[in-house]
Structure formats: C-alpha cells, structure tokens
Amino acid sequence: MDLTLSSAADPALAGFDDIIDVRAPAEFAEDHLPGAINLPVLSDAERALVGTIYKQVSSFDARKLGAALVAANAARHLQGPLSDRGGAWKPLVYCWRGGQRSGSFGTILSQIGWRVGRVAGGYKAWRSLVVDRVQNGPIAAPVIVLDGNTGSAKTAILQRLALRGHQVIDLEGLANHRGSLFGGHPEGQPSQKMFEGRLAVALEGLDPARPLLVEAESSRVGQITVPKAMWQAICAAPRLRLQVPVAARAAFTAATYRDMVADPDRVAGILDLIAPLHPAERVEGWRGALARRDWQLLSEGLLRDHYDPRYDKHRARHDDGRGAVVALEGLTDLEAATARVEAALARMG
C-alpha cells in the first residue's frame with residue numbers, strides 16, 4: 001500500500017506502529033521523517049560501492065550486488081530490532097524516492113504477513129512538503145514577537161507561557177542554540193533540513209484562531225537560517241518588548257550559561273573572534289574579567305558594548321517603536337515576569 005502524504009505532519013502517519021527509514025545512516029542523520037527509526041538496507045559504504053559499480057561496471061551488476069546486500073541486512077533487522085514484532089504490527093517504510101530500497105524491504109516484510117505501507121515518493125516527497133510549508137507559508141496563526149535585548153530571559157518566559165497554555169514556537173529550541181556567539185550547545189545543532197522539518201511540523205499543528213508567540217531572532221540562529229515564511233512573519237509582526245537593566249540581564253546570563261562558565265577556554269576563543277570589532281583596551285578588560293572568573297563583570301561588558309548595540313541596530317530595522325513594553329527590574333522571579341508579560345499580551349488583544 002502506497003501512502004501519498006498531503007502534509008509534513010499528515011495524520012495518516014499516526015496510523016502506523018513504526019516509521020522505518022531504510023536509507024543509509026548518513027542520509028538518516030541529516031534528516032528524516034519525525035519519529036522514524038533507521039533500519040538501513042545498505043550501509044554508507046555499501047551504498048557507495050553499489051553506486052560505483054552502477055557507474056563504472058553495469059546497472060545489472062549493481063542491482064545484483066544490491067539485492068544480496070539488502071537481503072543480508074534485512075535478515076539482520078528481522079533477527080534483531082524487529083524480532084519482537086507480532087503479527088498485527090503495521091510498519092510504514094520509505095527510502096529516498098520510494099524506489100528499490102523501500103520496495104525490496106517492504107516486499108520482504110509483506111511476505112512475512114505484515115501490513116506494510118510505503119511512502120509514495122519517499123523522503124524526497126516529504127521534503128518537498130516541508131520546503132513548501134516553511135518557505136511559502138502562510139503562517140496560519142497571527143504572530144506576536146517577544147522582543148528584548150540579549151539576556152532578557154525571552155526563551156525562559158516563552159517556555160513558561162507555553163506551560164500556561166499559550167501557543168508558542170521555540171525557534172531556539174528547534175535549532176538547539178541560544179542565538180548568540182556564546183549560545184551553542186556541546187551536542188551541536190541539527191542540520192538545516194532537520195530544523196526545517198521540525199518547524200514544518202510545528203507550523204502544521206497551529207490553531208489559526210490563537211496568537212502564535214515567537215522570540216525575536218535575527219535571520220540566523222547559530223548556523224541555522226530561519227526560513228522565508230517564518231522570517232517574513234517575524235519582521236511583520238507586532239512586538240512586545242522586555243526592558244531589563246543590563247546588570248539584571250548579566251546576572252541571568254551568567255547563571256544560565258553554565259556550560260560556558262565551566263569552559264573558560266571556549267569563552268576565550270570567542271573573545272578572540274570578536275576582538276577585532278572592539279578597542280584593544282575594552283577587549284583586555286573582558287579578558288581580565290575572564291581570568292578572574294568575574295562572570296558578572298564580563299557579562300555586563302559583553303551585553304552593554306557588544307550585544308546591545310547590535311540588537312538595537314537590528315530592532316531599528318524591524319520595530320516601528322509602537323509596540324508594548326514590559327519593564328522588569330530583575331529576572332530572579334521568572335513566574336512573576338511571565339505573569340506581567342501575559343497581562344501585556346491580554347491588553348494587546
């Protein structure tokens with residue numbers, strides 16, 4: 001049974017017990033359908049070998065070798081990860097274009113007696129739905145942007161608003177990055193394609209009758225580019241700006257970037273990157289604060305002299321100055337801060 005998907009989060013996907021990506025591990029690692037497991041019928045090396053034989057010898061020899069490798073790998077999957085599946089198990093299988101790899105594996109599973117579905121057009125068809133969603137939109141719900149200079153706890157407040165029932169998309173969470181030079185996580189970011197897939201699924205789950213809250217971002221979150229439809233919505237949306245003193249933002253930043261505090265050498269490397277943008281005396285002051293592990297002073301200096309001017313310049317391009325402002329004296333009580341933001345959102349209607 002071929003399944004033609006109508007959206008990136010097509011409800012029909014929920015009708016299967018497992019979604020199986022039979023592509024090679026490197027293909028799966030770059031991107032895959034949400035919730036899919038990887039049971040490759042060709043390893044990365046095997047796939048390369050079959051492709052080489054196809055080009056340099058003949059298509060017949062390539063298919064013959066490919067069939068043998070697929071059968072051997074299918075046997076390993078049946079005796080391993082799939083050994084506990086019962087007779088009622090219903091899998092959905094896909095490969096790159098819905099061709100030989102998924103067809104071969106699906107046939108083997110069907111011969112056992114399982115009711116097997118196959119994604120028509122494979123990953124490529126799903127990916128085209130993702131691209132259309134994130135590039136062309138539209139964003140179904142009215143967007144409101146939570147703005148505020150670096151360190152204003154925007155992400156933390158958005159997360160609390162989500163727990164209170166508001167409709168939120170956490171772009172930094174999807175990108176696994178906190179949006180600044182110091183914002184990377186040790187495990188790194190997803191691929192651009194995987195980020196777009198996550199975003200497409202989030203967009204398709206929106207309630208168009210309720211506002212969508214997102215954080216003010218530049219066009220890039222770390223190495224991830226915010227796709228066109230989302231970026232255009234952010235630029236055009238009304239804004240609610242958090243106004244927080246630099247000392248409070250510095251204290252919040254020092255407390256939340258614990259991975260950076262634990263790795264002074266990493267911080268030193270980032271200071272080296274931005275040093276050409278600042279007077280030598282200022283940079284030496286930052287390095288001195290780092291050497292003394294004076295995280296409050298270092299954070300204040302970076303926020304005031306590096307991030308705030310850049311954020312203000314960015315805001316001048318996208319903020320008409322008529323948005324509401326929530327002034328917070330500190331960020332020690334984030335529940336109280338969230339309540340004030342929630343009240344301001346209610347006034348925005």
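These notebook entries record what I looked up in the structure.

**Basis**

I worked with a predicted model, in which local features need pLDDT of at least 70, side-chain atom pairs count only at pLDDT 80 or more, and totals for chains, interfaces and linings use all residues. Residues are numbered from 1 along each chain as its sequence is written, and side-chain values use heavy atoms, with hydrogens and water left out.

**Entry 1: the sheet**

I took helices (H or I, at least four residues) and strands (E, at least two) as DSSP runs, numbered from the N terminus. Two strands count as paired if DSSP finds at least two bridges between them.

I looked up the strand order and found an open sheet of 5 strands, arranged β1-β5-β4-β2-β3, with parallel pairing. The edges are held by β1 (2-3) and β3 (37-38); each has a single partner strand, so one side of each is left without a neighbour in the sheet.

I then followed β1 to strand β5 (residues 117-119), with which it pairs in the parallel sense over 2 bridges. Within that pairing, D2 stands opposite R118 in β5. I noted that helix α4 (residues 100-112) packs on the sheet and touches β2 (18-21), β4 (91-94) and β5. The direction of α4 makes about 155° with that of β4. For this, axes are lines fitted to C-alpha atoms, for helices over the stretch in contact, and angles run from 0 to 180 degrees between N-to-C directions. Contact means heavy atoms within 4.5 Å.

**Entry 2: pockets**

The search used a 1 Å grid over the protein atoms alone. A pocket is an open set of points with protein on both sides within 12 Å along at least five of seven lines, whereas a cavity is a set where a 1.4 Å probe fits but cannot get out. Lining residues have an atom within 4 Å of a point. Grid points are joined across faces, edges and corners, and a volume is the space filled by probe spheres set on the points.

I recorded about 1,300 Å³ of space in the largest pocket. Its lining has 49 residues, and T150, R178, G179, S180 and Y307 lie nearest the centre. Which helix gives the largest share of this lining? It is α14, with 12 residues. At least two lining residues each come from α6 (154-163), α7 (171-175), α10 (246-256), α11 (258-261), α12 (264-274) and α14 (295-318).

I sorted linings by class: Ala, Val, Leu, Ile, Met, Phe, Trp, Tyr, Cys and Pro count as nonpolar, Asp, Glu, Lys and Arg as charged, and the others, Gly among them, as polar. The largest pocket has 18 nonpolar, 20 polar and 11 charged lining residues.

The second largest pocket holds about 640 Å³ of space. It is lined by 18 residues, with L42, V50, R97, Q100 and R101 nearest its centre. Two or more of the lining residues are given by each of α2 (44-56), α3 (59-79) and α4. The largest share, 5 residues, comes from α3. By class this lining has 8 nonpolar, 5 polar and 5 charged residues.

**Entry 3: the cavity**

I found 1 cavity of 30 Å³ or more, and the largest cavity holds about 30 Å³ of space. Its lining consists of I144, V145, L146, L161, L213, L240, V341 and L345. Both β6 (143-148) and α15 (334-348) give two or more residues, and β6 gives the most, with 3. The class division is 8 nonpolar, no polar and no charged.

**Entry 4: a salt bridge**

I counted 19 salt bridges, each being a side-chain nitrogen of Lys or Arg within 4 Å of a carboxyl oxygen of Asp or Glu. One joins the side chains of E27 and R47, at 3.4 Å from N to O. E27 lies in helix α1 (residues 25-30) and R47 in helix α2, so the pair ties together parts that are 20 residues apart in sequence.

I located T155 in helix α6. Leaving aside neighbours within four places in sequence, T155 contacts D170, E172 and E215.

A cis peptide bond joins G137 and P138, with omega about -5°; P138 lies in the loop between α5 (122-136) and β6. N176, although not a glycine, has a positive phi of about 50° and sits in the loop between α7 and α8 (192-204). R293 is likewise not a glycine and has a positive phi of about 60°; its loop lies between α13 (280-291) and α14.
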